[in-house]
Amino acid sequence: MLSSLAAVVILIAMLIRNDAPTAPSTPSDDGVEGGAEASVMLYCAASNRAVMEAVRADYEAETGRHLEIQYGPSQTLLSSIEVSGTGDLFLPADDSYLKMAREKRLVREMLPLARMQGVVAVKKGNPKAIHSFSDLLRQDVRLVQASPDTAAIGRKTREVLQPQKLWNKLQQSTAGYRTTVNEVATDVVVGAVDAAIVYDAVLHTYEQLEFVELPELGAANSEVAIGVLAGSRQPQKALHFARYLAATDRGLRRYQEYGFRTGQGDLWADVPELSVFAGSMLRPAIDDTITAFEQREGVRVTRVYNGCGILVSQMAIGEPPDAYFACDTEFMQKVHDLFPESTDVSRNELVILVQKGNPHQIASLRDLTRSGIRVGIGHEKQCAMGWLTQKTLKEGGLQEEVMNNVTTQLPTGDMLVNELLTGALDAAVVYLSNAAGSADSLDAVLIQDLPCSVATQPFAIARQSHYRQLAGRLFEQICSAESRQAFRRQGFRWQADELSRDVVGPE
C-alpha cells in the first residue's frame, strides 16, 4: 500500500508540474531577461480556448511577442491567481469574476470583449426533439451541466433559474456535472448524454452539434472581458496584448468568426496616440496622472492646455480631440454635438488673489471697485474663468463698477498670477487652484454668498474617437484615489464625492 501510495503521489506531482504554467520571469528595463523575451501569462476560461488560440497565432505572428496561456474553469483560475500572485492577464467566461477580482484588488484595468448566450446543446437534427424547458425534465433525456461552483455557465444557469423556481427541478434531471463547458459539449458529441447547457459561442468548433434557445435561459448571458492583473510585473506588455484582443480590427474580428457577439472596440495601433484638450487650470491636477498612464499603457497622450474658449474655437475649425476636460459645464455644452455624454468630476471656486499680507485690505468683490485698484480677470470669450467672473459680477450687481478698474483680461489664471507676482496688478479674480503654488507670495480672499462663483469641471470622450476604450481607462485613472488627492492638493473639490456616485475609479 505504501509503495502504491508513493507512486500515486509522484504521478500527481508530475501531472501538476506538466500542467502548471511557467511563472513569468522578471523582465529587465527593456523587457528582456537572460536575452529572451519574457512571455505574457494569461489565465483564460476554457470557453474561450478556440478563439484565443486563433488570436494568439495572429498576435505572435504580427508582433513577435509571446503569449503563455493556462485554460480552466473561471472560478478555479481566480483562485489560482489569488493564491499564486503570478501572471499578467485574466479572461474569465463572465465579467462577474473580474469584478470579484477587482474587489480583492487583484485586477486593475478591464477591457470589454464580447457576449455569450446560454443555450441547450443537442446533436445535429435534435433527435430527442428538445424544444422547451419541460423537455429537459423528461425521463428519456439525459442532461449534463457544468458545475455552478467552478464554471461561469453553471453559475449563470443557477442564478437565472433559482428566481423562476426551476433550478431544483433541473438539478433532479441532471445526470452529472463537469468541470468546464467544453467537457459538457464533448459529452453530447460522444453520445454520453442527449443535452447540455453551454454557451452558444462554444459550439462554433463542434460541427456535430446545434443549439436550442429557451426563454427560461434568456438572462443566462455573459459579458466577456479581459483584466490586467494588479500584480503583473510587465503591465505594459499585458496591456499591449489586451488592446490587441479588444481591437475591432484584430481580436474582436476573431471573436465574431467564432460565434461571439461583439460590440465596438478601439482600432488597433502598436503605440496608439490619444489626444486630450483640457482647461489650463486643470494641468497641475492631471498632468502627472496622464504621464503615469502613458508609462503603464505604453501609449502617447498629446495634451493641449488652454483657455476653454480658445479650445472650443479650435474644435470648431479642426479635428476634435479624443477627450475633453472642460473648466466648466458651459464650455462642454458648446461642443455637445462632439461630446454628447459628459461626467462632472470636480469643482473649483473663484477667489480674489492679492499680494501677500493683503496691503490694500481687499475683503470682497466690492473692494475691487475702489479707486486706484488695478484688477485683472479672465477673458470672457477665451476661458471659462472669464465667463464665470462676468456672471458672478453681474449677479453681485458690481459688473460695471469692477470693470472700470480692470486693466488686464487674459485667457488663463496662470497668466494673471504672473501679473500679480510682477506687481502689475493689485488683485486678480482667479480659481482657487491657481493660488495653490503661490502661497508664499500671494493670499486668496474667498468670495462669499455667491454660489455662481463655483465652476464644475466635466470630462467627456468624443463620440467619433477611434480610442474610446483607451480614453475611458484614462478617465478611470483621473478618478483614482491618487488622482483625487492631487485634485484636492490643488484646491479642487471632488464632485463625485459630494454630488454623484456615477464615477468610481480603481482605489
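At 17% relative accessibility, D367 counts as buried, where buried means under 20% relative accessible area, exposed over 50% and partly exposed in between, with a 1.4 Å probe and protein chains only. Its salt-bridge partner is R370, with 3.5 Å from N to O; a salt bridge here is a side-chain nitrogen of Lys or Arg within 4 Å of a carboxyl oxygen of Asp or Glu. R370 itself is partly exposed, at 32% relative accessibility.

Before we go on, a word on the model: it is predicted, with local features needing pLDDT of at least 70 and side-chain atom pairs counting only at pLDDT 80 or more, while totals for chains, interfaces and linings use all residues. Residues are numbered from 1 along each chain as its sequence is written, and side-chain values use heavy atoms, leaving out hydrogens and water.

Let's stay with the charged pairs. Side chains of opposite charge can pair when their charged atoms come close. The structure holds 28 salt bridges. One of them joins D194 to R142, with the closest N and O atoms 3.1 Å apart. This pair links distant parts of the chain, 52 residues apart: D194 sits in the loop between α8 (181-189) and β9 (195-199), and R142 in the loop between α5 (133-136) and β7 (143-146). Helices (H or I, at least four residues) and strands (E, at least two) are DSSP runs, numbered from the N terminus. D194 is buried at 12% relative accessibility, whereas R142 is partly exposed at 39%. You will also find K128, D135, R138 and D140 linked in a network of salt bridges.

Now turn to two helices. The axes of α3 (residues 74-84) and α4 (residues 95-103) come within 10 Å and cross at roughly 20 degrees, the axes being lines fitted to C-alpha atoms over the stretch in contact, with angles from 0 to 180 degrees between N-to-C directions. On the α3 side, S74, Q75 and L78 meet Y97, M100 and A101 of α4, contact meaning heavy atoms within 4.5 Å.

Finally, look at two backbone spots. R105 has a positive phi of about 65 degrees although it is not a glycine, and this residue lies in the loop between α4 and β6 (107-123). R105 is exposed, with a relative accessible area of 57%. N358, also not a glycine, has a positive phi of about 50 degrees. The loop between β16 (342-355) and β17 (375-378) holds N358, which is buried at 14% relative accessibility.
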